[in-house]
Amino acid sequence: MAPTASSAELLQAQAELWCHAMAYLRSMALQSVIKLGIPTAIHRCGGAASLSELHAHLPVPASKLPCLSRLMKLLVISGVFGESEAGAYSLTPVSRLLVEDDAAGGRRACLSPFAILATSPFHLRSSQRLPEWMEKEDAAAETPFMMAHGGAGFYGYAGRDLKLGALFNEAMGADGRVVAEVVVGECGELFAGIASLVDVGGGDGTMAKAAAKAFPHVRCKVLELPQVAGNMPVGGMVEFVAGDMMEFIPPADVVLLKQIILLLQFVLHNWSDEDCVRILKRAREAISTREPKGKVVIIDTVAGSVSSKQAFEAQVLMDICMMMLTTGEVRDEEKWRGLFVNAARVRWPVDPCDMRSPDLGGRAREGLGQGSAGSGVGGGGAASELES
Ligand SMILES: C[S@@+](CC[C@H](N)C(=O)[O-])C[C@H]1O[C@@H](n2cnc3c(N)ncnc32)[C@H](O)[C@@H]1O
């Protein structure tokens, strides 16, 4: 008997619910194929491989081949891999980002570390505390991460747990390489005429190194927590300074008539409005010490500033990730405006310059300038001049 219209709807809704309820299995399947090295294996097979060809490259016993085929089916319908009628698996734009060989298609970006971090027990354990955390008016823990990790905040815990610290720094470095390529390649005007740069919360220095390489006249420093700065090599093209951006941001050496820039790349989305204001105040102090004054460049996500539904969903997921791990959020234009104008008392806007691109998944660049130039805003981006 054919289902009636309403029972067809009911069955459709049930199927959708199954998809939502078991969506975490997509994440774990993704983690599995990365750990098994499948994207790299397909790449080494010339970009397409049958199950048996794949098997020759993988640490999977023959008895598990039927299970591997089932796992691949999920990732094919999710768009992570392609599959030909003859049954050969191929890379898609998504899985090309997971190939570990340096030379892959002339690219250098590999986002596997980011996917491994996002599917790690640190994230999963925190997400399981969400319902309990939501119910608490005055939670002893500020975030679900803290609830799941004995009351420790994300960065405090990452400083003590070597595994999380290494996973996190590797993931940020991998993600940062993609962004650095775009910023240095497409926004060279940012670095024109500047003498020095401090990348505040600059992680392993990926961005600062890219800037130092492309603009050798610019002295580049990275301000990082001692746990990160202390593990970085001394004497390279980038100087690491250990410190706390809430307390002090070092002014770079200013050469006459040249400016410094302070870079805040994917930092403010980790923090509440109150903490962002503290950081912005320290930034203002750091660029105001001498003439001509420097500028603060903020590279961060502007929620809603994307054209595809998928990119928007990625922003919403990242917002929940911030809620789970930190006190921050992914701000939309209005919230950025509120933060700059009301809280940090900066003028808005200055000089549009949008670097949204498909590669960045809708991330936009914002600039807070002082003195001669704000670095820009575009459609969804934001730039403001700091009031002195
Ligand atoms: C989300 S990561 C962004 C890293 C890098 N800017 C990027 O875009 O890849 C934030 C960085 O801020 C650093 N950080 C957190 N709290 C800090 C503080 N109080 N002072 C300086 N750096 C801090 C973290 O260690 C981390 O590397």
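**Burial, packing and the ligand shell**

Biologist: In which helix does Trp336 lie?
Modeller: Trp336 sits in the run of residues 333-343, which is helix H17. Keep in mind that the model is predicted. So the element to look for is helix H17.

Biologist: Is Trp336 buried or exposed?
Modeller: The cut-off for a buried residue is 20 or more other C-beta atoms within 10 Å. Trp336 has 27 such neighbours, so the residue counts as buried.

Biologist: How many Å apart in space are Trp336 and Thr301?
Modeller: In sequence, 35 residues separate Trp336 and Thr301. In space, C-alpha to C-alpha, the distance is 10.0 Å.

Biologist: Where is His269 found?
Modeller: Strand S7 covers 259-265 and helix H15 covers 273-287. His269 belongs to the loop between S7 and H15.

Biologist: Why does His269 count as buried?
Modeller: Burial takes 20 or more other C-beta atoms within 10 Å. His269 counts as buried because the number of other C-beta atoms within 10 Å is 20.

Biologist: Which residues does His269 touch, not counting residues up to four places away in sequence?
Modeller: Thr301, which came up with Trp336, is one of the residues that His269 touches. With residues up to four places away in sequence left out, the list is Asp300, Thr301, Met322, Gly328, Glu329 and Val330.

Biologist: Which residues come nearest to the ligand?
Modeller: There are 18 residues around the ligand. Those that come nearest are Gly176, Gly201, Gly203, Met245 and Phe266.

Biologist: Which element gives the largest share of the shell around the ligand?
Modeller: Helix H12 (162-186) and strand S5 (219-224) are the elements that give two or more residues to the shell. The largest share is three residues, and it comes from H12.

Biologist: How many charged residues does the shell around the ligand have?
Modeller: Sort the shell by class. Nine residues are nonpolar and six are polar. The number of charged residues is three.

Biologist: Phe266 has a positive phi; near what value is it?
Modeller: Phe266 lies in the loop between S7 and H15. Most residues other than glycine have a negative phi. Phe266 is not a glycine, yet its phi is positive, near 45°.

Biologist: How does Phe266 count by its C-beta neighbours?
Modeller: Partly exposed residues fall between the cut-offs, 12 or fewer for exposed and 20 or more for buried. Phe266 has 19 C-beta neighbours inside 10 Å, so this residue counts as partly exposed.

Biologist: At what angle do H12 and helix H13 pack?
Modeller: H13 spans residues 206-214, and H12 passes H13 in a right-handed crossing. The two axes are 8 Å apart. The angle is about 35°.

Biologist: Which residues in H13 meet H12?
Modeller: H12 brings Gly173, Gly176, Arg177, Ala180, Val183 and Val184. Among them, Gly176 is also one of the residues nearest the ligand. The residues of the contact divide into seven nonpolar, three polar and one charged. From H13 come Thr206, Met207, Ala210, Ala211 and Ala214.

Biologist: How many residues of H13 are buried?
Modeller: H13 has nine residues and is mostly covered. The buried ones include Thr206, Met207 and Lys209.

Biologist: Which residues in H5 meet H2?
Modeller: Helix H2 (residues 24-36) and helix H5 (residues 65-77) pack at about 115°, with axes 10 Å apart. H2 contributes Arg26, Ala29, Leu30, Ser32 and Val33. H5 contributes Leu71, Leu74 and Leu75.

Biologist: Which residues does Phe154 touch, not counting residues up to four places away in sequence?
Modeller: Phe154 lies in helix H11 (residues 154-160). Phe154 is buried, with 21 other C-beta atoms within 10 Å. Its C-alpha is 9.8 Å from that of Met324, 170 residues away along the chain. The residues touched are Phe145, Leu325 and Thr326.

Biologist: What percentage of the residues in the chain is buried?
Modeller: The chain has 17 helices and eleven strands. Of its 388 residues, the buried share is 40%.

Notes. Residues are numbered from 1 along each chain as its sequence is written. This is a predicted model: local features need pLDDT of at least 70, side-chain atom pairs count only at pLDDT 80 or more; totals for chains, interfaces and linings use all residues. A residue is near a molecule or strand if its C-beta atom, placed from the backbone, lies within 6 Å of it. Helices (H or I, at least four residues) and strands (E, at least two) are DSSP runs, numbered from the N terminus. Ala, Val, Leu, Ile, Met, Phe, Trp, Tyr, Cys and Pro count as nonpolar, Asp, Glu, Lys and Arg as charged, and the others, Gly among them, as polar. Two residues are in contact if their C-beta atoms, placed from the backbone, lie within 7 Å. Axes are lines fitted to C-alpha atoms, for helices over the stretch in contact, and angles run from 0 to 180 degrees between N-to-C directions. A crossing is left-handed if the near helix is turned anticlockwise from the far one by less than a right angle, and right-handed if clockwise.
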